[in-house]
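The structure is shown first.

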Amino acid sequence: MKLFNGYYIKKGRQYIKEGNFAKALQYYEKVDYGKLDTAEKIRVAEVYHECGRTEHALSLLGDIIGRVSSDQAHERRAHILQEIGREEEAMRDLDEAIRLNPEPYMYWYTRGIWRKDFQDYEAAAADLEECVKREPEDSVVSSYYELGMCYWRMEDYGRAEQTFRKVLSYPDRDIPIFHYRLGKTLENLGRLEEAAASMRKAVDQVIEWEYISDKGQRLVLTRTGYGAGAFRIFMEEAERTCGFRKDLAGLYAGLKRYGEALEEINRALETYPDNDGLYLQRVAVYRSSGRWEDAERELDVLEKERDVEERVLWMERVLLYRAQNRDSEAVPLLHKLYEQDSGNPIVCYWLADAYLDLGQTGKALEFNKRLLELEDNDPLNEQQRGLILEETGAYGQAASAYGRAIAMQDRADFRMKRSYAYFMDSRFDEALMDLHHAAELEPGISEGAGYHHAMGRVLEEMGHLDMAIASFTKAIDIQPEHAAYYESRAKCYLTLRELEKAELDCIVGYDKDASYTDLISLRGNVLYLKKEYAESRNLASQFSRLHPDSPSAFFNLGLVCFKLEGEEDAARNAFDQALALDPSYGACYIYKAYLDYGRLDFREAIENLANWSLFTFPELSLEERLEHLEELDGLNETVLEGAARRITELYQGHVYLS
């Protein structure tokens, strides 16, 4: 028997190499098993497993492990246990194999892959890091790829990028999936240009391999060591993404390179004409590029000729309508979606948003309330509530909504929004604190002109005018073309009676943007205070022509005409135009009263004084109204007494009617 042992072992090994395990087992069963060394006994156990006698294989390996300390026996048993679904036992065996002998890189690789399959990515990455330290350079590329995938799943895109670049650093070892994964990583890092370049390589390599009979399977094996199973997974990924063209088109669209995006989609459709996702992606590109009619036409075709789910088409039309501010057309479709699934948070969010844009804040609040019932842990839903409440003027409640969003996720943009709500609610200290917190959370925000303008507005309301001017100046330095910043600084100078500086800001701001006509009115006010009434009148007249529906424009024109000698009729006409637009514009009546008094029309003066009191002091008592009347200068007793009687009549009549 001893004489033939060597022969039987040799034949057994030969048939193992050929993959003929049944034949190999015939020879190994003739061997004197007890005389075999540990390595050969492990080989025999493996042959039994391959021949379907797994329990006997496990028994043999258990006997070996019970007699000797063998990392190889633990490693082989781990593989068998893994194959038959006994994962926990398999992992314990592999742990022991590594404890006994941590040098074989395959032990670390295997455990890393298993942990990756269990979605324990941190532990998997740690194992694969140990693997690549030990693995030879000629085979390590696939291990680096798997390590990169662990980082990617962990959303550690910085290390993922570094690792995928390492994968691609090996000459002539690249395959399409490697370029694809680097492209997706760079996309997640926000570096779209680099991502598109990498994705372009993936697409081009897929195209090149299309002409190879096996589609590149042999190249994948020789370049990476990956077998048929891995190749099949890579091909499934390529099929899912239409040869990676869908992703490349998405990157081009993100870069606003819409022509190239459409070219990739159209080429993909040549190969995948039944892929509805490509048609929908083309709709999205048309929408993003402002080709509304093409997008709508594509949706019409999909509705008539393709078997696309009706709900999907409705959602696409909603996106298209909302992109064009056609919210009134989007709302009926959104209600259809809501009727189908009232528990869909996206539909509720869109409905609230659409109603907000339509100015229907009651409906917007209704659907936002439903949204919060469905999803009360998303800060964006509370942000939406804050925006709706702002539109209703409920700034205190809006600030509370933003506060709930901040409690869930403290973000700079939430802080900025709450700062504005505090500002509008006259809570200036809190508004200022939120601005400071926003800059702490996102230092780059303080480099923006809008941040300094907001800071200036708050400081202005707090009475810190010099500091406000400094903030407005920073905003102007950053964005010198923005006319509103000059207006804000000019108003501060106006308050400080630094009229020359105020006028200069009005001039410069208007030169920067002639569409910002508020600066015409503001400069007119500055000139009025400088007593340059003729030029002030010219500006007020210009502004009233530009804004014929503005009562304040005509009031300001009347005010400056009132100061000009001989322009009494022009002043009266301007005040009348203001009152025609807004009969409750109380300040117009007092000036009309003085004009009437000047031409001795006391009866009309009395009536205008009464209207002035009625509309200017609607909340005051009769006694308080009469006190304000007595404070007026330049009117005789007859007019004042007559006005007092008329005010009393109107007040008592108002109380009676109430």
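A salt bridge here is a side-chain nitrogen of Lys or Arg within 4 Å of a carboxyl oxygen of Asp or Glu. Side chains of opposite charge can pair when their charged atoms come close. The model is a predicted one, and a search of the whole structure finds 71 salt bridges.

| Pair | N to O distance |
|---|---|
| Arg 317 and Glu 296 | 3.9 Å |
| Arg 572 and Asp 596 | 2.8 Å |
| Arg 599 and Asp 596 | 3.7 Å |

**Arg 317 and Glu 296**

The side chains of Arg 317 and Glu 296 form a salt bridge with an N to O distance of 3.9 Å. This pair connects distant parts of the chain, with Arg 317 in helix H19 (residues 310-323) and Glu 296 in helix H18 (residues 292-305), 21 residues apart. Arg 317 and Glu 296 are both buried.

Asp 596 belongs to helix H35, which covers residues 586-598. What is the relative accessibility of Asp 596? The value is 0%, so Asp 596 counts as buried, the limit for that class being under 20%.

Arg 572 and Asp 596 meet through their side chains in a salt bridge of 2.8 Å, N to O. Here too the pair links distant parts of the chain: Arg 572 sits in helix H34 (residues 568-581) and Asp 596 in helix H35, 24 residues apart. Both members of the pair Arg 572 and Asp 596 are buried.

Asp 596 also forms a salt bridge with Arg 599, where the closest N and O atoms are 3.7 Å apart. Arg 599 is partly exposed because its relative accessible area is 49%, whereas Asp 596 is buried, at 0%.

Leaving aside residues up to four places away in sequence, Asp 596 touches Arg 572, Asp 601, Glu 604, Ala 605 and Asn 608.

**A negative patch on the surface**

Which residues gather in a patch of negative charge on the surface? They are Glu 623, Glu 624, Glu 627, Glu 630 and Glu 631. Among them, Glu 624 lies in helix H37, residues 622-630. Glu 624 has a relative accessibility of 36% and therefore counts as partly exposed. Residues in such patches have over 30% relative accessible area and no salt bridge.

Definitions and conventions: Residues are numbered from 1 along each chain as its sequence is written. This is a predicted model: local features need pLDDT of at least 70, side-chain atom pairs count only at pLDDT 80 or more; totals for chains, interfaces and linings use all residues. Side-chain values use heavy atoms; hydrogens and water are left out. Patches are made of residues with over 30% relative accessible area and no salt bridge: like charges are joined within 9 Å, nonpolar side chains (Val, Leu, Ile, Met, Phe, Trp, Tyr) within 5 Å. Accessible areas come from the Shrake-Rupley method with a 1.4 Å probe; for residues, only the protein chains shown count as cover. Lys and Arg count as positive and Asp and Glu as negative; His and the chain ends are not counted. The place of a charge is taken as NZ of Lys, CZ of Arg, CG of Asp or CD of Glu. Helices (H or I, at least four residues) and strands (E, at least two) are DSSP runs, numbered from the N terminus. Buried means under 20% relative accessible area, exposed over 50%, partly exposed in between (1.4 Å probe, protein chains only). Contact means heavy atoms within 4.5 Å.
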